[in-house]
Number of protein chains: 2
Amino acid sequence: MQTSPAQAPATVEAFRARLAEISGGLPKRLRQCAEHIAANTDRIAVSTVAELAAGADVPPSALMRFCQLMGFSGFSEMQKLFREAYSPGWPDYATRLENLRKGQSGGPAALLAEFIEAGRASLEMLARTTDEAALSKAVSLLGAAGTLHVAGFRRAFPVASYLTYVLDKMSVPAMLHDGVGKLDHRHALRPGDALIAITFAPYSEETLAIAADARARGLSVVALTDHLTSPLAAHASAVITVPEVDFGAFRSLSATIALALALAVAVGTARSDR
Amino acid sequence: MQTSPAQAPATVEAFRARLAEISGGLPKRLRQCAEHIAANTDRIAVSTVAELAAGADVPPSALMRFCQLMGFSGFSEMQKLFREAYSPGWPDYATRLENLRKGQSGGPAALLAEFIEAGRASLEMLARTTDEAALSKAVSLLGAAGTLHVAGFRRAFPVASYLTYVLDKMSVPAMLHDGVGKLDHRHALRPGDALIAITFAPYSEETLAIAADARARGLSVVALTDHLTSPLAAHASAVITVPEVDFGAFRSLSATIALALALAVAVGTARSDR
DNA sequence: GCGGAAATGGAATAATTATTCCAAACAAGG
DNA sequence: CCTTGTTTGGAATAATTATTCCATTTCCGC
């Protein structure tokens with residue numbers, strides 16, 4: 001361990017700085033402490049050594065060592081810092097958003113506030129409008145298929161890649177059609193496979209083409225799109241729609257990502273049972 | 001003393017109600033307690049009996065009696081209420097997901113509900129914890145740079161690709177380092193450019209390597225990561241952290257996506273003004 | 001003022017929580 | 001494979017903090 005100064009941080013900022021400073025090249029247990037503390041700084045004021053240690057999954061003594069490494073004489077001294085800095089509950093979500101918004105309109109923080117709000121609204125709308133039957137149908141189609149093909153370009157590409165990533169993590173054979181090198185991988189679509197096609201207005205030609213092709217070959221096609229009237233719906237065996245609120249010209253992806261995650265996990269679970 | 005029910009309040013509201021209920025016709029010392037507690041409710045979570053008693057100018061035993069009058073078995077039980085209420089909604093997200101996993105309660109729709117909830121919680125946490133200064137710094141660094149390089153693999157790849165997409169839409173020259181063909185595009189990093197590196201635990205080696213390389217070449221590096229203790233932080237000129245509800249391999253990306261969008265739009269705007 | 005009931009303060013004890021210490025496990029280098 | 005230095009877990013101890021108890025005081029109606 002290379003660290004030295006052993007001067008106890010006197011403010012929360014100094015604390016964070018010191019944390020960043022020491023967190024290179026820490027042994028396993030101490031690193032676990034550092035990470036858990038970094039992620040739960042706000043809980044220090046109201047927790048005991050044992051609680052925090054349990055959260056970090058280390059014995060209490062390791063956490064003690066960590067406190068000393070940070071420059072404090074022990075946990076109590078460290079906790080004192082946070083108990084004093086403790087401001088009456090945090091500003092709640094609404095207040096904080098308000099503050100972010102107010103800060104020099106147009107600044108990054110104000111923008112962020114808008115996008116957070118848009119994302120939250122999208123998620124709520126998704127919760128209200130999900131068609132459970134369509135979702136179940138999609139899961140059963142995908143659960144029964146061979147390889148899963150995922151197609152999505154432009155704005156839908158992050159969703160497609162995420163979906164593929166999670167499917168892969170769950171040991172589901174999945175192939176991302178990413179259009180690299182203008183290869184369309186058309187012949188990878190084999191009988192018994194299924195396609196998940198993702199596109200939103202303005203609908204991408206490539207995605208529609210792949211969907212039409214898959215359909216023609218008799219594959220199941222699951223559509224992830226914005227409306228039931230989407231041109232993609234015509235080619236699909238199951239259509240899942242995702243409402244997404246936009247702010248200005250920009251459309252958040254929060255709801256779509258959440259849906260993709262749920263879909264992937266549900267399919268992964270279904271397939272591991274079969 | 002006229003009081004009776006002796007049912008411990010289970011919420012902060014119930015606590016306040018009970019406080020109002022008993023505070024008529026209290027003897028001197030107990031009234032002092034009630035008043036001090038009413039005025040300093042928020043400090044209960046982080047104080048000892050002795051401290052609060054001193055604040056109310058009564059002996060500890062008086063405060064003890066007050067707690068019992070409120071319906072608690074003692075001070076500790078009362079404090080527990082406030083310590084738990086402090087980080088709202090958090091206590092046991094992981095456990096809920098765990099239950100969901102083994103209890104298969106309701107299939108895909110229930111799963112979706114959980115991920116929506118996780119996404120919403122992540123967004124709220126993001127609103128509460130954003131470091132505005134770091135965000136502004138990142139925007140100004142990126143606004144002043146030449147080409148922007150974006151690096152993120154695995155779980156971070158969807159974010160990287162989305163960021164690149166939005167930057168491109170805003171006419172900002174941006175290059176996604178996607179690792180296709182194992183090319184590392186090292187020489188594309190030219191003086192005056194900047195790098196946006198994205199990685200979460202377990203941190204991807206490739207991303208760290210690119211960041212270190214960019215740093216060595218004198219480029220500005222903006223890190224998008226999970227904690228300040230992330231190894232990525234060591235290479236970065238600005239570190240933006242995103243809290244995200246994380247359960248095993250399943251990380252809701254809602255907050256990260258929202259942040260990426262805000263960052264891209266802010267940078268795009270800044271650059272169009274210059 | 002007197003008797004009884006309620007309230008009070010503080011000292012004694014119990015419980016919890018922090019902290020230290022050391023033997024064992026481990027890793028790196030010869 | 002052994003040696004040396006570091007890291008680790010847990011049991012032992014120290015310190016703090018909560019809680020109880022009771023002798024003393026205060027209050028109030030008579």
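Among the contacts in chain A (heavy atoms within 4.5 Å) between residues at least 6 apart in sequence, 66% join residues that are at least 24 apart. This is a predicted model, in which local features need pLDDT of at least 70 and side-chain atom pairs count only at pLDDT 80 or more, while totals for chains, interfaces and linings use all residues. Residues are numbered from 1 along each chain as its sequence is written, chains are lettered from A and ligands numbered from 1 in the order in which they are written, and side-chain values use heavy atoms, with hydrogens and water left out.

Chain A has eleven helices and seven strands, these being DSSP runs numbered from the N terminus (H or I with at least four residues for helices, E with at least two for strands). Of the 274 residues in chain A, 51% are buried, where buried means under 20% relative accessible area with a 1.4 Å probe, taking protein chains only.

Strand β3 of chain A, residues 194-198, is largely enclosed by the rest of the structure, because five of its five residues are buried. In a regular strand the side chains alternate between the two faces of the sheet. In β3(A), A:Ala194, A:Ile196 and A:Ile198 point one way, whereas A:Leu195 and A:Ala197 point the other way, and all are buried.

What joins β3(A) to strand β1 of chain A? Five bridges join β3(A) to β1 (residues 148-152), and the two strands run parallel; strands pair if DSSP finds at least two bridges between them. Within this pairing, A:Ile198 of β3(A) is the bridge partner of A:Gly152. Five bridges also join β3(A) to strand β4 of chain A (residues 220-225), again in parallel, and here A:Ala197 stands opposite A:Ala223 in β4(A).

Turning to the meeting of the chains, the contact takes 61 residues from chain A and 54 residues from chain B. The area buried between chain A and chain B, that is, the accessible area (1.4 Å probe) that the two parts lose on being put together, summed over both, is about 5400 Å², of which carbon and sulfur atoms give 74%. Several elements give two or more residues to the side of chain A that touches chain B, among them α1 (12-22), α2 (28-39) and α11 (254-273) of chain A, but α7(A) gives the most, with twelve residues. The residues on that side divide into 41 nonpolar, seven polar and 13 charged.

How values were computed
Nonpolar A, V, L, I, M, F, W, Y, C, P; charged D, E, K, R; others polar. Buried < 20%, exposed > 50% of the residue type's maximum accessible area, 1.4 Å probe, protein only.
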